[in-house]
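Below are some numbered notes on the model, for use alongside the coordinates.

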Amino acid sequence: MFSLICKTKCLNKLPEASKSLAALSSQALPVSSEKSPKNSKDNLRKQVLNYRHVYPEFLPDPKVEFRNKLREKLERADMVARRTQIDIPEFYVGSVLAVTSSDRHTPGKTHRFVGICIKREGCGLRATFILRNVIDHQGVEILYEMYDPTLHKVEVLRLEKRLDAELLYLRDALPEYSTFDVNMDAELLPEGAQVPINPIKVKLKPRPWLERWERQHLKGLQDLELPERFYERAKELDKPWEKYDLMKEYMKTIPEEEQLEIFGEVQTELHKLEVQRKKMKRKRVFVKPSKLA
């Protein structure tokens, strides 16, 4: 009889034991699902690899004589503060932009210029970009300072890349490659889509040109149709070994460890701005533009 009572008590305690085991297992699940430090570091490294292309001006000048860590840190804080006041979207060389700025000659009025970005350079608060457009058969270029307080609005009408890092050869190209409608509508890309690369090859006007384009290994140009002696001279002046010079490449870039430290300072603020920009983008519906360049 005593053994029977003991068995019934043990059976009654089984649900309680199973509940306690389930509670322990549920408490242990979050520990196993947490990301390891190695995975978080890899994710941060991938994000930095993306940030250094989207925000190249946050990286300081690699020349040692121009480095000043205190000044660079203060500049990064000013740049983030400026980005909270004006939306500076992602763009690359080859993207078509519309910039609205204050007109110095007419106080109280603004000026809007549409053009293709042909060059982007500088670091910190000295970052600049050049827009080019052909208006009334006349090439017009404007150099903007990215963090200039006179800028009111920066719009990306066509987000794309080109085959070359600079498009200065558009100055010697046919006008149709640099002509864009001032009333051009924005072309919105689907969310999460990669930035397209425009494989167009530009045809230059007959010589004379502003530079020796045949000596610069440009991918976005058609056949220049020059005499053979021009290509032979370009081959004589070429330095193909420089791409294997690791020390020269090291002196021209910022180490990856320092990039992680730099973008780690501003990652939170930049992420907030990206989330806010995506929310604004979702409100707009993709419409096929009616006015193209």
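1. The structure holds zero disulfides, a disulfide being a pair of cysteine sulfur atoms within 2.5 Å. Cys117 counts as buried because its relative accessible area is 0%, and Cys123 is also classed as buried because its relative accessibility is 13%. The classes are buried for under 20% relative accessible area, exposed for over 50%, and partly exposed in between, with a 1.4 Å probe and protein chains only. Of the 293 residues in the chain, 32% are buried.

2. This is a predicted model, in which local features need pLDDT of at least 70 and side-chain atom pairs count only at pLDDT 80 or more, while totals for chains, interfaces and linings use all residues. Residues are numbered from 1 along each chain as its sequence is written, and side-chain values use heavy atoms, with hydrogens and water left out.

3. The chain has six helices and five strands. Both are DSSP runs numbered from the N terminus: helices are H or I with at least four residues, strands are E with at least two. Read from the N terminus, the order of elements is α-α-α-β-β-β-β-β-α-α-α.

4. The five strands form an open sheet, ordered β4-β3-β2-β1-β5, with antiparallel pairing. At the edges lie β4 (138-145) and β5 (151-158), each of which pairs on one side only. From one strand to the next, the twist averages 35°; axes are lines fitted to C-alpha atoms, for helices over the stretch in contact, and angles run from 0 to 180 degrees between N-to-C directions. Two strands are taken as paired if DSSP finds at least two bridges between them. In general, strands of a sheet pair through backbone hydrogen bonds, either parallel or antiparallel.

5. How many bridges join strand β1 (residues 96-102) to β2? There are seven, and the two strands run antiparallel. Ser102 stands opposite Thr110 in β2.

6. Strand β2 (residues 110-121) pairs with strand β3 (residues 128-135) over five bridges, again in the antiparallel sense. Opposite Ile116 is Arg132 in β3, and opposite Arg120 is Phe129 in β3. The two strands form a hairpin with six residues between them, and Gly122 in the turn has a positive phi of about 90°. Cys123 belongs to the loop between β2 and β3. The C-alpha atoms of Cys123 and Asp61 are separated by 6.4 Å, although the two are 62 residues apart along the chain.

7. β3 and β4 run antiparallel and are joined by eight bridges. The bridge partner of Val134 is Gly139 in β4. Two residues lie between the strands in the hairpin of β3 and β4, where Asp136 takes a positive phi near 55°.

8. On the surface, Val64, Met247, Tyr250 and Met251 form a nonpolar patch with about 460 Å² of accessible area together. Patches are made of residues with over 30% relative accessible area and no salt bridge; like charges are joined within 9 Å, and nonpolar side chains (Val, Leu, Ile, Met, Phe, Trp, Tyr) within 5 Å. A salt bridge is a side-chain nitrogen of Lys or Arg within 4 Å of a carboxyl oxygen of Asp or Glu. Accessible areas come from the Shrake-Rupley method with a 1.4 Å probe, and for residues only the protein chains shown count as cover. Met251 is found in helix α5 (residues 246-251) and counts as partly exposed, because its relative accessibility is 45%.
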